[in-house]
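Welcome! Take a moment to look over the structure below, and then we will walk through a few of its features together.

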Amino acid sequence: MSRVVVFDETGAPEVLHIVDEPVADPGAGEVRIEVEAVGVNRLDQMMRAGMSPRPIRLPHARLGIEATGTIEALGSGVEGWATGDAVIVTAVPEMDVHGTYAEHIVVPADRIIARPAGLDAVGAAALWVAYSTAYGALVEKAGMRPGHHVLITAASSAVGLAAIQLAAQIGAIPLAVTRHAAKERALLAAGAAAVIVTDRDDVVRATHRHTNGAGADIVLDSVLGPGLADLADAAKRFSGTLVGVGWLDPRPAPFPSNPITMIRYMSFEHTLDPVVVHRIAAFLTAGIRTGALRPTIDTVFALDDIVAAHHYLEKGHHIGKIVATV
């Protein structure tokens, strides 16, 4: 049997509970993974709370869009993999049915990559979603280049910290935005060239000050909401690009007056494309090898404590990733 986290109704973290289910055999082209650790993401929280961007199939819905572990069994036709290989899951588009909060999962063999050498299970569970989102948005969509000033909102989140490291690796200049002055030192240590604290600083004025009046080449926004207009004004007029990768603020976002390019990015655009996945995996593996990229882990919970993990996630005080070990 395999222990699986499920929920029968949306609501507070207490709707999550663990059940025993039979261990499934992999079908043709699939692999079964013995899970070691999973990342706990904002999307998980939104689905559990009833704020999912798409309908959830209840009851007995699952959660989890990323995981790492070892291959336990191979389905027919699977080549290039062996039992015992350490892997990372790259896409779980139907997470309410195939979510990764479990001791065992079965996934198509084309939805895994090798775990980079030198990265343990906790680090690997924190890698893919955050870094593939930052890479896809900044490199594939916005065309980030050396010398670009990149304004990053929710900078202490896993995606924000990944974006800081990615920008620094490429030679761009990351400007971190946070609500809390208490997080400033950690963001500078993570590689931010400057930190803009919204409780203290005016985002537009501070961005123009750090860019010699030019504005940011790229804005990576995980928040949306009413602050979107200010972020647009912080970007370079006409040539700036704003990429939205999240929706932490559900309030309406005003249409910006500054004429910039605006992109709404969803990671499945790339994580379901094997050609782009190969590029992302190569980039991340190189960054892990050189030390330029290293997932920031805030807290590790056991899967048995998944309710506590979700309560902690909702407080919003963490810096980096929350991981649950199995």
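Which residues of the largest nonpolar core touch the most other members?

## The largest core

They are Met 144, Ile 164, Leu 220 and Leu 284, in a core of 45 residues. A nonpolar core here is a set of buried Ala, Val, Leu, Ile, Met, Phe, Trp, Tyr and Cys residues joined through side-chain atoms within 4.5 Å; buried means under 20% relative accessible area, exposed over 50%, and partly exposed in between (1.4 Å probe, protein chains only). At least two residues of this core come from each of H4 (128–141), S9 (149–152), H5 (158–170), S11 (194–197), S12 and H10 (274–290). Helices (H or I, at least four residues) and strands (E, at least two) are DSSP runs, numbered from the N terminus.

Another core, of 37 residues, lies apart from it and includes Val 31 and Tyr 101.

## About the model

This is a predicted model, where local features need pLDDT of at least 70 and side-chain atom pairs count only at pLDDT 80 or more, while totals for chains, interfaces and linings use all residues. Residues are numbered from 1 along each chain as its sequence is written, and side-chain values use heavy atoms, leaving out hydrogens and water.

Most residues other than glycine have a negative phi, and most peptide bonds are trans.

Asn 212 lies in the loop between H7 (203–210) and S12 (218–221) and is exposed, at 79%.
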